[in-house]
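Hello,

Here is the structure I promised to pass on to you. Please have a look at it first, and then read my notes below.

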Amino acid sequence: MRTTTRVTTTRVTTTTRTTRIMRSTDPTPDRQPAPAIDSTAAAEPRRFGRRALLASGAAGAGVGAALGLGAALGVFEGPRGSGASGPSRPDGPVPFGGEALGCHGTHQAGIVTRAAAHVRFVAYALRPEVDGGALERMFRVLTGDIEGLTSGAAPLADPEPELAARPSALTITVGVGPGLVDRVDAALRPAWLAPLPAFERDRLDGRHDGGDLLVLLQADDPLPLAHAARMLDRDLRSFAEPLWTQQGFRQARGSEPVGTTMRNLMGQVDGTVNPAPAEDDFDSLVWLDDEAGWLAGGTALVLRRIRMELDTWDQIDRPGREQTIGRRLANGSPLSAPADADERTPADFEAVHPTGLPVIPSYAHIRRAHSEDPAERIFRRSANYDEGGESGLLFACYQRDPLRQFVPIQRRLDELDLLNEWVTHTGSGVFAILPGFAAGETLGAALIARAGHR
């Protein structure tokens with residue numbers, strides 16, 4: 001049904017927000033209150049917002065036409081908060097679900113911030129007519145709505161502002177594919193920003209591959225996540241077309257202690273050996289530095305859709321499952337460690353049985369994934385999926401250079417990993433995750449600035 005917004009004001013003024021921002025690089029960030037709204041703003045009429053100013057040009061005109069004049073007016077109030085030191089409200093602590101995470105910082109939120117319960121990856125293909133100018137407008141619109149949605153404030157002309165009021169630690173992370181960079185300047189595209197080399201066991205179905213633009217949404221509640229995805233899809237309607245969506249989940253928030261390693265749908269503890277942001281070499285593994293130019297502060301994301309053949313996996317006895325992975329199901333400890341050890345106990349790949357056979361088999365998953373090169377590591381942020389009768393893992397990992405970090409690992413797994421009997425890689429994509437941005441700046445500004453230097 002088509003909705004028409006009537007404008008009855010002739011004079012308007014902007015709404016002032018005051019938001020205290022935390023750095024998204026903190027792996028265990030404090031919760032931040034949703035932005036306080038200037039109490040004087042509601043009493044005054046509003047003036048035209050950024051969408052009206054950005055609606056010029058071919059793609060921008062489409063935004064104005066699609067959303068109507070009402071899209072250029074006003075910002076709905078989100079939940080109020082007081083103080084910058086903690087998640088407090090005038091009447092007490094922010095209730096469960098009201099937490100907001102800051103979106104500003106050197107790096108985008110959603111990478112090292114606490115893993116959320118619900119995940120959605122959405123990829124888009126740019127429309128043919130979108131050029132550098134249109135991309136600049138697109139990123140400006142996205143920036144404003146990311147700032148609003150993650151803080152608990154509804155986007156401009158949101159028909160259901162109540163759905164944005166409880167962000168539940170919503171983060172929105174934006175990446176770009178090779179096609180988008182080429183629209184600006186193909187010379188700016190790093191060698192790793194391309195489809196991965198072919199792996200013998202891949203069975204890519206073409207339904208979850210690639211894309212020009214990636215939006216990653218994560219939250220502890222699927223309602224604000226779904227609403228944010230819808231609002232951003234509306235933002236992008238005049239610039240790009242949806243290509244694919246992948247929905248994932250982790251353990252429900254509060255069901256396990258913070259920091260517990262997730263389990264995948266095979267029952268295995270998944271992601272034990274993972275570099276931590278507090279480690280000295282984490283930055284050199286994950287974040288791109290000044291040598292990356294427009295990507296300084298960003299990172300590379302590899303996303304793989306891995307289907308699990310659970311029907312046949314269920315036919316394997318418990319010892320067989322543990323031998324396949326190289327870890328115990330009960331606690332994730334390596335088979336080389338005592339049974340009462342924990343998952344953090346280092347695996348001893350030299351340990352042998354009295355028969356002389358290795359305790360951790362040569363075909364075990366953790367042996368094949370292991371590397372003696374400390375620089376050949378990746379930062380994992382995977383999630384489970386279960387839809388349409390199919391279950392599996394959305395394997396997401398961040399690194400500086402997938403060709404040097406992810407590809408060697410995957411080649412070893414492709415060659416000899418017994419787990420391949422029960423998993424199939426059906427989707428693949430590589431994206432450049434844009435650097436973070438500060439308040440008053442635009443996401444992707446460093447890339448778009450190069451459009452004028454071609």
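**Around Tyr124**

Let me start with Tyr124, which, apart from its neighbours within four places in sequence, is in contact with Gly211, Asp212, Leu213, Val215, Asp233, Leu236, Ala240, Glu241, Pro242 and Leu243. Please keep in mind that this is a predicted model. Tyr124 belongs to strand β5, which covers residues 118-126. Is Tyr124 buried or exposed? Its relative accessibility is 3%, so Tyr124 counts as buried. One of its contacts is also a polar one: the side chains of Tyr124 and Asp233 are joined by a polar contact of 3.1 Å. The C-alpha atoms of Tyr124 and Trp244 are separated by 7.1 Å, while the two residues are 120 residues apart along the chain.

**The chain as a whole**

Stepping back, the chain has 454 residues, and 51% of them are buried. Its secondary structure comes to 11 helices and 13 strands. If we take the contacts between residues at least 6 apart in sequence, 78% of them join residues at least 24 apart. As for disulfides, the count is zero. Two of the cysteines are worth a look anyway. Cys103 counts as buried because its relative accessibility is 9%, and Cys397 counts as buried at 0%.

Next, have a look at helix α3 (residues 132-151) and helix α4 (residues 178-185). The two pack at an angle of about 125°, and their axes are 9 Å apart. Which residues make the contact? On the α3 side they are Leu135, Met138 and Phe139, and on the α4 side Leu180, Arg183 and Val184. Sorted by class, the contact of α3 with α4 has five nonpolar residues, one charged residue and no polar ones.

The loop between α3 and β6 (171-176) holds Ser168, and Ala169 lies in the loop between α3 and β6 as well. Ser168 has a phi near 50°, a positive value in a residue other than glycine. Ala169 is not a glycine either, and its phi is positive at about 60°. With a relative accessible area of 3%, Ser168 is buried. Ala169 is buried too, with a relative accessible area of 4%.

Not counting residues up to four places away in sequence, Arg327 touches Gln268, Thr272, Val273, Glu322, Gly332, Ser333, Pro334, Leu335, Glu343 and Ile366. What does the side chain of Arg327 do with its polar atoms? One polar atom of the Arg327 side chain lies 2.8 Å from the backbone oxygen of Gly332. The backbone oxygen of Glu343 lies 3.3 Å from a polar atom of the Arg327 side chain. Along the chain, Arg327 and Gln268 are 59 residues apart, and their C-alpha atoms are separated by 8.2 Å.

Ser333 has a relative accessibility of 0%, so Ser333 counts as buried. Its side chain and that of Asn331 are joined by a polar contact of 2.8 Å. With its neighbours within four places in sequence left aside, Ser333 is in contact with Gly326, Arg327, Arg328, Pro338, Ala339, Ala341, Asp342 and Glu343.

**Helix α10**

Eight of its 10 residues are buried, so α10 is largely enclosed by the rest of the structure. Which residues of α10 are buried? They are Phe406, Val407, Pro408, Ile409, Gln410, Arg412, Leu413 and Asp414. The cover over these buried residues includes the helix α9 together with β9 (299-308), β12 (390-399) and β13 (423-433).

Best wishes

Terms used
Residues are numbered from 1 along each chain as its sequence is written. This is a predicted model: local features need pLDDT of at least 70, side-chain atom pairs count only at pLDDT 80 or more; totals for chains, interfaces and linings use all residues. Side-chain values use heavy atoms; hydrogens and water are left out. Axes are lines fitted to C-alpha atoms, for helices over the stretch in contact, and angles run from 0 to 180 degrees between N-to-C directions. Helices (H or I, at least four residues) and strands (E, at least two) are DSSP runs, numbered from the N terminus. Contact means heavy atoms within 4.5 Å. Ala, Val, Leu, Ile, Met, Phe, Trp, Tyr, Cys and Pro count as nonpolar, Asp, Glu, Lys and Arg as charged, and the others, Gly among them, as polar. Buried means under 20% relative accessible area, exposed over 50%, partly exposed in between (1.4 Å probe, protein chains only). A polar contact is a pair of N or O atoms within 3.5 Å; within protein, one must be able to donate a hydrogen and the other to accept it, and residues adjacent in sequence count only if both atoms are side-chain atoms. A disulfide is a pair of cysteine sulfur atoms within 2.5 Å.
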